[in-house]
Amino acid sequence: MIECIIVGTGGFIGAVCRYLIGMIPLKEGCAFPIKTLMINIIGSFIIGMVVSLAMKTDFVDPGIVLFLKVGICGGFTTFSSFALETADLVKDGKIHLAIVYIILSVTLGVLAVFAGQGFTIFK
């Protein structure tokens, strides 16, 4: 049961951070979902760092990894929003924009995980 509390607490923090980033005002009429893209890239970077750090050291408590990886990153990243926004772009006839969004989200997300895993501040 303690794991559920750990994940739920982290999820609350991640979800609130995601909401606050979503409140950042952008240029009116911008069709490209840049805030969701930013959230996915940041979340991918953070989860890459957390997993890499957890694998490289015995000093990281599994509860902290659960809190950061499943809780905060799970509540923060928005691939469900990504899917919905992609579908909306396609429905609106903006197929080229949807393709660019898909390619950028997936490619930059995976690269951000590698960058997070290579982050050496804790070495």
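I count a residue as buried under 20% relative accessible area, as exposed over 50%, and as partly exposed in between, with a 1.4 Å probe and protein chains only. On that scale, buried residues make up 27% of the 123 residues in the chain.

The model is a predicted one, so I keep local features only at pLDDT of at least 70 and side-chain atom pairs only at pLDDT 80 or more, while totals for chains, interfaces and linings use all residues. Numbering starts from 1 along each chain as its sequence is written, and side-chain values use heavy atoms, with hydrogens and water left out.

**Overall layout**

I took helices (H or I, at least four residues) and strands (E, at least two) as DSSP runs, numbered from the N terminus. The chain has 5 helices and 0 strands, in the order α-α-α-α-α from the N terminus on. I find that the C-alpha trace spans about 50 × 30 × 25 Å along its principal axes. For contacts I used heavy atoms within 4.5 Å. Of the contacts with a separation of 6 or more, 74% are between residues 24 or more positions apart.

**Core**

I looked for nonpolar cores, meaning sets of buried Ala, Val, Leu, Ile, Met, Phe, Trp, Tyr and Cys residues joined through side-chain atoms within 4.5 Å. The largest has 6 residues: Phe32, Leu37, Phe82, Leu89, Ala98 and Tyr101. The elements that give two or more residues to this core are α4 (79-91) and α5 (95-118). I then checked Ala98, which touches Thr86, Leu89 and Val90 when residues up to four places away in sequence are not counted.

**Helix α4**

With 13 residues, α4 reaches 18 Å from its first C-alpha to its last, close to the 18 Å expected. Its buried residues are Phe82, Thr86 and Leu89. They lie on the same side of α4, because they cover an arc of only 60 degrees around the axis, the arc being that of the directions from the helix axis to the C-beta atoms. These buried residues pack against α2 (34-56) and α5. On the face turned away from the buried side I find the exposed residues Ser80, Leu84 and Lys91. Just after α4, Gly93 has a positive phi of about 80 degrees.

**Aromatic pairs**

I paired rings of Phe, Tyr and Trp (its six-membered ring) if their centres lie within 6.5 Å, calling planes under 30 degrees apart stacked, over 60 edge-to-face and the rest tilted. The count by this rule is 3 aromatic pairs. Phe32 and Tyr101 have ring centres 5.5 Å apart and planes at 80 degrees, so I log the pair as edge-to-face. This pair links distant parts of the chain, 69 residues apart: Phe32 is in the loop between α1 (2-22) and α2, and Tyr101 is in helix α5. Both Phe32 and Tyr101 are buried. The rings of Phe79 and Phe82 are also edge-to-face, because their centres are 5.1 Å apart and their planes are at 65 degrees. Phe79 and Phe82 are 3 residues apart in helix α4, so about one helical turn separates them. Phe79 is partly exposed at 36% relative accessibility, whereas Phe82 is buried at 11%. I note that Phe32, Phe79, Phe82 and Tyr101 form one aromatic cluster.

**Cysteines**

I searched for disulfides, defined as pairs of cysteine sulfur atoms within 2.5 Å, and found 0. The sulfur of Cys4 is too far for a bond, because the closest cysteine sulfur, in Cys73, is 18 Å away. Cys4 is exposed at 54% relative accessibility. For Cys73 the closest cysteine sulfur is in Cys17, 11 Å away and also too far for a bond. Cys73 is buried, with a relative accessible area of 3%.

**Two single residues**

Val60 lies in the loop between α2 and α3 (62-76) and is partly exposed, with a relative accessible area of 24%. Leaving aside neighbours within four places in sequence, I list Leu53, Ala54 and Val65 as contacts of Val60. Val60 and Cys30 are 30 residues apart in sequence and 42 Å apart in space, C-alpha to C-alpha.

Met1 sits in the segment before α1 and is exposed, with a relative accessible area of 73%. From Met1 to Gly74 I note 73 residues in sequence and 18 Å in space, C-alpha to C-alpha.

Conventions. Expected span 1.5 Å × (residues − 1).
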